[in-house]
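Work through the exercises below with the sequence and the model open. Each task is followed by a solution in steps.

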Amino acid sequence: MITALYGLFSFIITAILVVFGTLLLVYLERRTLALFTLRYGPNRTGYEGIMQTVADAIKLLVKENCTPKASRKILFFTAPLIVFCPIISAFCLLPLSGNYIPLNIAPSIVLIMALISTPVIGVFLAGLSSGNKYSLLGAMRSISQALSFEIPLGICVLAITFMAGTLNINEIILAQNSPYGLFNWYFIPQILGCVVFFICTLALLNRTPFDLSEAESEFVSGYNVEYSGIKFAMFFLGEYALLFLVSLVFTALFFGGYLSPFGNWILPNSFVFLEQIFWLILKTFLVILTIILIRATLPRLRYDRLLEFSYKILLPLALINLNIAVLIRYFMISR
């Protein structure tokens, strides 16, 4: 009973933090894009426009929920939940510090990757159930894109588990702990996997230059064109929450998670958990900032070239990286 209450409490706290973090992330992206495209960005509501995202969220929540007559009602209402709920659940498996892990499960990285892959099912159901040809085409693109990029993504994660010798994400982080600091992080021996994982992350998030399922010039808005009100808000919130989640996972796998880049902690032992949270948030913020800058600079790829890029370039590179990880692990054990 106590374990169940602890799990429920952790889920609620995590969901609240994710919602507030996502609202802040939306504001950060809008301001950054405005800076790089010589625009003003949100600057009216609140100090420097910081309340604009909150105002937009309230506007979405009070808008009318329209349902097309040609839609399949059950699937139409279920799709936003399938997109949003697995992302919140995956956050509960991530360690924010060495002492705070909401749900510490042995094969946690496997479950995290499964939960990250689940929202694409909701995207497909949204496009299928809307009764709109643009929604259906966007959903079909999303499925084929996810299938093509999740294969090299999973191979990169498999290479990391070979290096660490575990499927637990907290143990993967601890395996990178060393007095040498960042020189023992996995982005150095797994630099090839780090690059492939990052590119696949952009495709998984439907971010530029891989945002083919939401191409406004081709599909109006893609799979969510028939959604409004709170259902559209759940899609929007889920998209940015997934950006935050995948950036955290990327940081944990390749950049030591909450570990200090100096190898030793700066603060006294009583405040180490604060330093751990600081390093995790800082690394994640830098990853998110890189993704935002890519959106501001790169054009959208053509769809056939996107799939060709995955199968002909990323997949072979991911397999080469896996062989490198196996060799490194073999020599580590043989010593």
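This is a predicted model: local features need pLDDT of at least 70, side-chain atom pairs count only at pLDDT 80 or more; totals for chains, interfaces and linings use all residues.

Residues are numbered from 1 along each chain as its sequence is written, and side-chain values use heavy atoms, leaving out hydrogens and water.

**Exercise 1.** Describe how α3 and α10 pack.

Step 1. Helices (H or I, at least four residues) are DSSP runs, numbered from the N terminus. Helix α3 covers residues 73-91 and helix α10 residues 229-254.

Step 2. Their axes come within 9 Å and cross at roughly 25 degrees. Axes are lines fitted to C-alpha atoms over the stretch in contact, and angles run from 0 to 180 degrees between N-to-C directions.

Step 3. α3 is therefore roughly parallel to α10 (angles under 35 degrees count as roughly parallel, over 145 as roughly antiparallel).

Step 4. Contact means heavy atoms within 4.5 Å. Among the residues making it are F76, F84 and F91 of α3 and M234, L245 and L248 of α10.

Step 5. The contact residues divide into 18 nonpolar, 1 polar and 1 charged (Ala, Val, Leu, Ile, Met, Phe, Trp, Tyr, Cys and Pro count as nonpolar, Asp, Glu, Lys and Arg as charged, and the others, Gly among them, as polar).

**Exercise 2.** Which residues have the most contacts inside the largest nonpolar core?

Step 1. A nonpolar core is a set of buried Ala, Val, Leu, Ile, Met, Phe, Trp, Tyr and Cys residues joined through side-chain atoms within 4.5 Å; buried means under 20% relative accessible area (1.4 Å probe, protein chains only).

Step 2. The largest core has 72 residues, and those with the most contacts inside it are F91, L94, I116, F197, L245, V249 and L253. Its largest share, 15 residues, comes from α10.

Step 3. Another core, of 10 residues, lies apart from it and includes F76, A79, L125 and Y227.

**Exercise 3.** Is S97 buried or exposed?

Step 1. S97 sits in the loop between α3 and α4 (108-117).

Step 2. S97 counts as buried because its relative accessibility is 3%.

Step 3. Not counting residues up to four places away in sequence, S97 touches Y258, F273, Q276 and I277.

**Exercise 4.** At what angle do α4 and α6 pack?

Step 1. α4 and helix α6 (residues 133-164) pack at about 165 degrees, with their axes 11 Å apart.

Step 2. α4 is therefore roughly antiparallel to α6.

Step 3. I109, M113 and S117 of α4 meet E150, L153, V157 and T161 of α6.

Conventions:
Helices (H or I, at least four residues) and strands (E, at least two) are DSSP runs, numbered from the N terminus. Angles under 35 degrees count as roughly parallel, over 145 as roughly antiparallel, 65 to 115 as roughly perpendicular and the rest as oblique. Buried means under 20% relative accessible area, exposed over 50%, partly exposed in between (1.4 Å probe, protein chains only).
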